[in-house]
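Student: I would like to go through the packing terms one by one. Please set each term against its definition.

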Amino acid sequence: MESCWSPSGPVALATCPPCHSCGSLTAGPGPTQAPHGKALICLPATIGKTVIRGDSRCAGRCQLRVSDLQEEGKNAINLPMCPAPVEVHPEDSLLEENEERTVIDPTSRDDPRFKELVKALIDWINGVLVEERIIVKQLEEDLYDGQVLQKLLEKLADCKLNVAEVTQSEIGQKQKLQTVLEAVQELLRPHSRPLQWTVDSIHGKNLVAILHLLVALAMHFRAPIHLPEHVSVQVVVVRKREGLLHSSHVTEELTTTTEMMMGRFERDAFDTLFDHAPDKLSVVKKSLITFVNKHLNKLNLEVTELETQFADGVYLVLLMGLLEDYFVPLHNFYLTPDSFDQKVHNVSFAFELMLDGGLKKPKARPEDVVNLDLKSTLRVLYNLFTKYKHLE
């Protein structure tokens, strides 16, 4: 295949016939020789002139119209300003009429918050299924057939699904998925939220649908993990109509706020503070640090970072003892916790002490405090500040 150079790169012309006329080119900065039967590249000396081969018999095959060249020039200028094309795998283009396939935009896949969400869910699944000796490495490849989802749901819900253990055929896999997803729907029905996944989307390795499903399960079963808030992805929807592929871009919201995902929709002062007055956050943190240090200093302890130093629950337990004026037996909590579960135990124990002291149950989950969620930690400490701010 021969080609000519344009502002956007080589442009294919015509196949050079195996003849002796394939010699040098008259147009261009200088004669260009090419072996017989090989591709030739013409470099026109002046844009707008017709590129002509030395032999007139080839002239008709080597002409590049001025309008074509100008159009190529426009494309070369405009294309860099357009969104980067999304790579569509061959199997994604083999669609039936009116069938659609979704592809996550590469820039969304590279987003740190998206990667954090995927990693958190994979780690959670592997932790739940550790006794099953199941290790998930890639969500869409490991969950599409329903095998791992079956084991995960049975473990989380402490139930046994009536499905075949191993299914190799597509029909068998979809039947298993149907049973699993019906069980999931039965669990989530009280929340009356629209389901954002189907048997076909999960089996079709639709990562967006799989993530929606896993986030819903994690929230329902109060998974001891921190899911990043406000994670959205740009998705390219490819649909086949009248034999042609049509694409459109949509934004899929995978997570919102922890409160909304957990079904706690009532907002409080800290929601307003974070959303509308972040400049005042440092003032609130400083007041709470002064409050907790006034009491922890009695044990020669000092806090400088609220979100990190209360994450293991130790300071919370000790602070409750100081505020209520009693000694907390050391065997009731882990003084040097070295695992996530031990830290959750400590924070949960501190919450129990708060309830014993007449405080309301904290809005935050122990897991949120352990996962360094600042808003959750501030809610817990402000609850203490409200009751004990006048205590010396």
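Tutor: Axes are lines fitted to C-alpha atoms, for helices over the stretch in contact, and angles run from 0 to 180 degrees between N-to-C directions. Helices (H or I, at least four residues) and strands (E, at least two) are DSSP runs, numbered from the N terminus. The model is predicted: local features need pLDDT of at least 70, side-chain atom pairs count only at pLDDT 80 or more, and totals for chains, interfaces and linings use all residues. Residues are numbered from 1 along each chain as its sequence is written, and side-chain values use heavy atoms, without hydrogens and water.

Student: Why are α4 and α6 called roughly perpendicular?

Tutor: They pack at an angle of about 65 degrees, with axes 10 Å apart. Angles of 65 to 115 degrees count as roughly perpendicular, under 35 as roughly parallel, over 145 as roughly antiparallel and the rest as oblique. Therefore α4 and α6 are roughly perpendicular to each other.

Student: Which residues of α4 and α6 meet?

Tutor: Trp 124, Ile 125 and Val 128 in α4 meet Val 148, Leu 152, Lys 155 and Leu 156 in α6. Contact means heavy atoms within 4.5 Å.

Student: What makes a set of residues a nonpolar core?

Tutor: Its members are buried Ala, Val, Leu, Ile, Met, Phe, Trp, Tyr and Cys residues joined through side-chain atoms within 4.5 Å. Buried means under 20% relative accessible area (exposed is over 50%, partly exposed in between; 1.4 Å probe, protein chains only). The largest core here has 49 residues, of which Leu 121, Ile 125 and Leu 139 touch the most other members. α9 gives the most to this core, twelve residues. A second, separate core of 37 residues includes Tyr 315 and Met 320.
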